[in-house]
Amino acid sequence: MLPRKRSVGAVVEEDREPIAEEAVQKKAKRDCSVSSEVAGSSAMEEENNRANGTEVDANGNRKRSEIDEDLHSRQLAVYGRETMRRLVASNVLISGLQGLGAEIAKNLVLAGVKSITLHDEGDVELWDLSSNFFFSEDDIGKNRALACVLKLQELNNAVTVSTLTGTLSKEQLSCFQAVVFTDLSLEKAIEFDDHCHNHQPSIPFIRCEVRGLFGSVFCDFGPEFTVFDLDGEEPHTGIIASISSDNPALVSCVDDERLEFQDGDLVVFSEVQGMTELNDGKPRKIKSARPYSFILDEDTTQFGAYKKGGIVTQIKEPKVLRFRTLREALVESGDFLLSDFSKFGHPPLLHLAFQALDKFRYEMGRFPVAGSEDDAQKLISLVISINESLGDGKLEEVDKKLLHHFANGCKAILNPMAAMFGGIVGQEVVKACSGKFHPLFQFFYFDSVESLPPEPLEPSDVKPLNCRYDAQISVFGSKLQKKLEEAKVFIVGSGALGCEFLKNLALMGVCCGQKSKLNITDDDVIEKSNLSRQFLFRDWNIGQAKSTVAASAAVSINPSLHIEAFQNRASPDTENVFDDAFWESTDVVINALDNVTARMYIDARCVYFQKPLLESGTLGAKCNTQMVIPHLTENYGASRDPPEKQAPMCTVHSFPHNIDHCLTWARSEFEGLLEKTPNEVNAFLSNPSAYASALKSQGDAQARDLLDRVLECLDKDRCETFQDCINWARLRFEDYFSNRVKQLTFTFPEDAITSTGVPFWSAPKRFPRPLEFSSGDLGHLHFVMAASMLRAETFGIPIPGWSKYPKKLADAVDKVIVPEFQPKTGVNIVTDEKATSLSSVSVDDAAVINDLLAKLEECAKKLPPGFRMNPVQFEKDDDTNYHMDLIAGLANMRARNYSIPEVDKLKAKFIAGRIIPAIATATAMATGLVCLELYKVLAGGHKVEDYRNTFANLALPLFSMAEPVPPNVMKHRDMSWTIWDRWIVKGDLTLRELLRWLKDKGLNAYSISSGTSLLYNSMFPRHNNRMDRKVVDLIKEVAKVEVPPYRRHVDVVVACEDDKDGDDVDIPLVSIYFR
């Protein structure tokens, strides 16, 4: 949903400074001047600035951060602020603006580097239109860099994009923090790399190429390059249960979660009681890591005896890498980064092939011609010559067939390859500029020869047709190009993945024929945070439908694209839109989704209609692809990740031991106070009698507690003025962070013992301490400010401008009278980790409900006519609405109770907002890989061993490709089937006829159902009366299913047993085509 702007009821006063950076920004938007009279003089305010990432100048005045956190929130979740600060200070050169250069530039502009300089001396050719999405036919003849610059600039106005169109000298490289070359001769590359390597400081140098279905990357980041964070993962932690007095010591941790430590990891200890010598902050090495314990390389025999408590945390040490120059690496290449173990011998050969291609171009002044046997043989001979010159290091065998494929397509820059390598190289540039993640060290070679058509290509097949697809035709031939153009494709989702897919398909010419159709659907609208990855959108598109805008942008890339945009969520509710005819006419489905539920639904549809499904997903720097091919591979739903572990309800509400628990509780409280309770109030006021009847009917503890909250909201907690809202917020603080803690520690004192004789407050439980409110504590004041403003919003109360100023707000808060709290005996606090509700059942719940309803009806009589509350729906991406201010305040105050480290508002947003970390580079790589598979799907005739599933982690970097898993085969007698099969029966069958049809296959059906309704079961005698009824009529009558006019069949699930041995047989879905 779109961020909603918070309404402000009064003009902001100008005699005080607002509390936090967000308030400064809100105030600046209203052109109000800020006096320095009370310019954040307290140390607490300064500390808050740092915690929230606010920049402070030499005079102590706050300034806006250089990082647009609304725009880059998903990227910040991957990189963090420090990496982003390094990025926004980096100047990058990209030389060569064919497809690969354009993809790298796009990813870096979206990432938000300081500046990008585009260099290219060549002009746009018709050939380029199948790989560079910035080019149109109007650009043919223009300089490539100049043709790209304006469209690149549109992606991010915060990045300066400039051009160089003349010959580049090595001296010009000194202006940049990283340089990338996509079409540079080997001789020149060696010269430039030597200069960059020896420059002070060294300039990271990247040379990359995409040649047909082959690609290469070389990285040299200098003689000493420091990596500050090797993998980007959060440091692993463990909660200590015991530490032995041994040499070496055994450290055991609580068994609620497996430890992620590895042998050799360095760790530090904190909060250890008894063996306090370990709390010195000194890194110690793990000798042997186990699931719930580890051996520590430390003699603890002279330490104090361990008593209780303790946290162990992994230390991530920087790593210094020493790169060789290209000149040196060509002689001594070292190990190649391998992506596919079935192609173990390819990288060493491609290392020679790319050198031979450089020599061919130098000697011939051109690329090898596709289909030319002479050119292919010349390239092969050059490879053999280079190999022979290596002496003892030469390859024993040279795969001439692979080199033949390399020679035939090496002039072409294919869009999927450019997208994939654009993601890889773009990420390497980020590493070079920031020191975040481990660089590629140093060569990477990749090929996708299995994407070629299964049948050999003739020279006539790859002859150019003087069209924008000639580059692609030179690799795959004109027949496959025709299949691409005439395809019917369904893309589900138009976010980051969807935008990349649309761009790729438009450049490939998919669905650009007269009889083709590309359908895309997405029910979402564009938000600002989308713009850092979903590059088909611009800021003026915010609020518009994603699918419509993306479809229009794709047509601008290729005007021949035949596309229709839908704004429907693909689900059971929209099967009248995406009906049988729609699915049956579709050739292939491409998922661009961000949730498992939707993926499972689309997977089921593809299995049902036997359509190929190309699946992909990203998570931060990781991406994966899965090919789901009818009858060849298992389906998406055949293997699933285990469900994410949820913290027990009692842990979240009473015994948190990490900030995630605090934020989960904070989000729950936010929604309960500001959305659910106001909604319940409105439901009651809209129809009191119906509301009362529903709760009386429910009559349980949950209904009682719900009524209690509604009554409280309209009675003693009802607000009529903003001061009332401040009173409510202050008393909430006291309740949450003082009274509840006092009650908890009264019920379970620090020395409490369980029924088994174990200390109650054993790890992972943390003993809490109540907070004492102070209006001088900025964290306390922040909580009251956000809570009172949002409370005012729910009651429609204007918010005065002074509410954002510390002194005036503190004065108002200090007026609140806080009753003294006395803990009660006999209070039931849930400690059962299996409990699903915190409500305690009472024998007189029904009577209490009746009493509460009577009080509620009396209370309603005192309300103004037409009174309604304004529920506040949580929106994480609008920093002006105070939602995250309140959630961060709730979580951090609770963290203080339990001595848990606090987090800033940005980190709170990531966790409470359940933000999925995302970067453009991983998205680009995933979609490039999928489109390499799309060639295979649309060509047809490929075997399962030709397809590839991929997992990649650009942070490491790691690329792992493997054949898909075949589907599980089930057999009965001489029949066999898989998940992909459906048994089809034609005719308007009766139940008896269906049973006889199954009997003929040697099967006794004992149960037949439709959905959740049982149509027949052999154990129920009354079901024999249904034998001569039509199955479709039974479905309508028993299952209450209306068969729509467009549907020609119904499906039934049949449970069978072998008619001889009585063993159960799991048969496919049975479809009865009655029309």
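Entry 1, domains. I looked up the distance between domain 2 and domain 3: their centres, taken over C-alpha atoms, are 42 Å apart. The chain divides into domain 1 (237-315), domain 2 (487-619), domain 3 (649-830 + 845-913) and domain 4 (970-1073), with bounds from an automatic or database domain assignment.

I am working on a predicted model, where local features need pLDDT of at least 70, side-chain atom pairs count only at pLDDT 80 or more, and totals for chains, interfaces and linings use all residues. Residues are numbered from 1 along each chain as its sequence is written, and side-chain values use heavy atoms, leaving out hydrogens and water.

I checked helix 4 (residues 99-111) against helix 11 (residues 415-434): they pack at an angle of about 45°, axes 8 Å apart. Helices here are DSSP runs of H or I, at least four residues, and strands are runs of E, at least two, numbered from the N terminus. Axes are lines fitted to C-alpha atoms, for helices over the stretch in contact, with angles from 0 to 180 degrees between N-to-C directions. Helix 4 and helix 11 are therefore oblique to each other (angles under 35 degrees count as roughly parallel, over 145 as roughly antiparallel, 65 to 115 as roughly perpendicular, the rest as oblique). Residues in contact (heavy atoms within 4.5 Å) include L100 and I104 of helix 4 and F421 and V425 of helix 11.

Entry 4, barrel. I found six strands closing into an antiparallel barrel, in the order 10-11-14-13-12-15. Pairing requires at least two DSSP bridges between two strands. Strand 11 (residues 249-253) and strand 14 (residues 293-296) are joined by four bridges, and S252 has S293 of strand 14 as its bridge partner.
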